[in-house]
Amino acid sequence: FPVTIPTKNTLTINGLLPNEEIQFVDNLGKVVYSTTSNSAMQTIDLSEFDSGIYLLKTEHHLITKIIKQ
């Protein structure tokens, strides 16, 4: 993975295209969150996520490992 990001409550993603799909996938491969961007920058509230490791996937193949603390 190119980047690992630790976070507690929010995550801001930059460089998105309009209407780009964003997904968070848990360690079992289940999509636990999905949304569509409404601007080049999107802030996502992770406070309801369980602690653990997630993959952030975007429609244009950005894959980043997120560690929710």
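Start with β3 and β4, which pair in the antiparallel sense over five bridges. This is a predicted model. Select β3 (21-25) and β4 (31-36) to see the pair.

Now zoom out to the sheet. It is open, with five strands in the order β1-β7-β6-β3-β4. The pairing is mixed. Strands of a sheet pair through backbone hydrogen bonds, either parallel or antiparallel. Colour β1 (4-7) and β4 next: these are the edge strands, and each pairs on one side only. Neighbouring strands of the sheet are turned by 25° against each other on average, direction ignored.

Show the contacts of Phe-24. Among them are Lys-30, Val-31, Val-32 and Tyr-33. Others include Leu-11, Ile-44, Leu-46, Phe-49, Tyr-54, Leu-56 and Ile-66.

Which residues make up the largest nonpolar core? Select Leu-11, Ile-13, Leu-16, Ile-22, Phe-24, Ile-44, Leu-46, Phe-49, Tyr-54, Leu-56 and Ile-66, eleven residues in all. β2, β3 and β6 (52-58) each supply at least two residues of this core.

Last stop: Glu-20. Look in the loop between β2 (10-13) and β3. Is Glu-20 buried or exposed? Glu-20 is buried, yet has no salt bridge. The nearest side chain of opposite charge belongs to Lys-57, 12 Å away. Show what Glu-20 does touch: Thr-35, Thr-36 and Ser-37 are among its contacts, not counting residues up to four places away in sequence.

Technical notes
Residues are numbered from 1 along each chain as its sequence is written. This is a predicted model: local features need pLDDT of at least 70, side-chain atom pairs count only at pLDDT 80 or more; totals for chains, interfaces and linings use all residues. Side-chain values use heavy atoms; hydrogens and water are left out. Helices (H or I, at least four residues) and strands (E, at least two) are DSSP runs, numbered from the N terminus. Buried means under 20% relative accessible area, exposed over 50%, partly exposed in between (1.4 Å probe, protein chains only). Lys and Arg count as positive and Asp and Glu as negative; His and the chain ends are not counted. A salt bridge is a side-chain nitrogen of Lys or Arg within 4 Å of a carboxyl oxygen of Asp or Glu. Contact means heavy atoms within 4.5 Å. A nonpolar core is a set of buried Ala, Val, Leu, Ile, Met, Phe, Trp, Tyr and Cys residues joined through side-chain atoms within 4.5 Å. Two strands pair if DSSP finds at least two bridges between them. Axes are lines fitted to C-alpha atoms, for helices over the stretch in contact, and angles run from 0 to 180 degrees between N-to-C directions.
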